[in-house]
Amino acid sequence: MKVVACTQPPQIRSRPEPCCYLCGCQGTIFYEGLHDKLFQAPGDWTFKFCPNPDCGLIWLDPIPVEEDIGEAYAKYYTHAETPTRQTGPTRVLRKGASVLLSLANPVHDERERLSLMHLDGVKPGKLLDVGCGNGVRLARLRALGWDVYGQDVDPVAVAYARESLGLETHLGQLEEMPFAEMSFDCITVNHVIEHAHDPVALLKECRRLLKAGGLMVIVTPNANSFAHKHFGACWRGLEPPRHIHVFSPKTLSAAATRAGLTVCCSRTTVANVTTFWRGSMTIRNGGKDTSNWISRSLTRVRALGYLYRSIFEHLRDTNSGEECVLLATH
């Protein structure tokens, strides 16, 4: 009789994290029983909220252990293959719809600046992108004249950046990289700090690598955003278990200050509201998305309407943007 081994699906071990990372207060349950409906990481997850009025950090409790966190990225978007290029009438129609929607987008220029980490008007120098992913953003910064370097812990993403884009990217933890102290004129940390088990330690290492007077740009989802208030537990910015800490402008500034950085500017932006809206709608729909380009175009029109709602809210409350943007110096 042939015996067939039963293979168990991968799991992510976790450890308790009952107290706030920033101020030490005992957390209260914010959301519980959440699942990863976007990239199918295993487990169900709970977010805690810090009741301290001077803090308000949101974090996972229990928290994934560092040794297992790679399982949360097995199907992550940075692993996706480059889509097949459309040709003929379909490509023309899709391109036309995209151009029209871009022209109707009142934050098109702000979105473009954010995609360049607000460095389009800065004199180029030596730049490190922490958590560079597949290197697409880094390639755009290289085109602006920056001498670019990347770091990431995802071997698939790093391989793509090296082989397909010709970028100098390094695989491994930031503290393991072969960079000397004060090596860089600028360090960018785009949607990375929320993934870090120890955000202050990450920022301290960035500060060590940053030249005196150098610029650091940090972007992360905003816990106080209009879309978070609207979608609640389905908000795209939560993304358990990959997002370990969810920051607001206040808590992000606190982390940067604790790391020894001088905060120059802290603001929120609505530039990528439509991206967060689509992701939140997918989560609300149980992870189902449409592959029909016509349906996707109609969805983009609905997302544009939501963007206008977010813009009006942002005029009333400047802390309600979808992402925090923080500029700091050494």
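## Aromatic pairs

A search of the whole structure finds 11 aromatic pairs (rings of Phe, Tyr and Trp, the last by its six-membered ring, with centres within 6.5 Å). The model is predicted: local features need pLDDT of at least 70, side-chain atom pairs count only at pLDDT 80 or more, and totals for chains, interfaces and linings use all residues. Residues are numbered from 1 along each chain as its sequence is written, and side-chain values use heavy atoms, with hydrogens and water left out.

## Phe-39 and Tyr-76

The ring centres of Phe-39 and Tyr-76 are 5.1 Å apart and the planes stand at 70°, so this pair is edge-to-face (planes over 60 degrees apart; under 30 is stacked, the rest tilted). The partners are 37 residues apart. Phe-39 is in the loop between β2 (28–34) and β3 (45–49), Tyr-76 in the loop between β5 (63–64) and α1 (88–103). Helices (H or I, at least four residues) and strands (E, at least two) are DSSP runs, numbered from the N terminus.

Phe-39 has 13% relative accessibility and counts as buried. Tyr-76, at 9%, is also buried (under 20% relative accessible area, 1.4 Å probe, protein chains only).

## Trp-235 and Phe-276

Here the centres of Trp-235 and Phe-276 lie 6.3 Å apart with planes at 25°, so the pair is stacked. Trp-235 sits in the loop between α6 (226–231) and β11 (245–246), Phe-276 in helix α8 (residues 273–284). The pair therefore ties together parts 41 residues apart in sequence. Both Trp-235 and Phe-276 are buried.

## Cluster and charge

Phe-226, Phe-231, Trp-277 and Tyr-306 make up one aromatic cluster.

The charged end of Lys-126 sits over the ring of Tyr-149, 5.2 Å from its centre. It also sits over the ring of Phe-184, again 5.2 Å from the centre. The criterion is NZ of Lys or CZ of Arg within 6 Å of the ring centre and within 35 degrees of the ring normal.

Key. Buried < 20%, exposed > 50% of the residue type's maximum accessible area, 1.4 Å probe, protein only.
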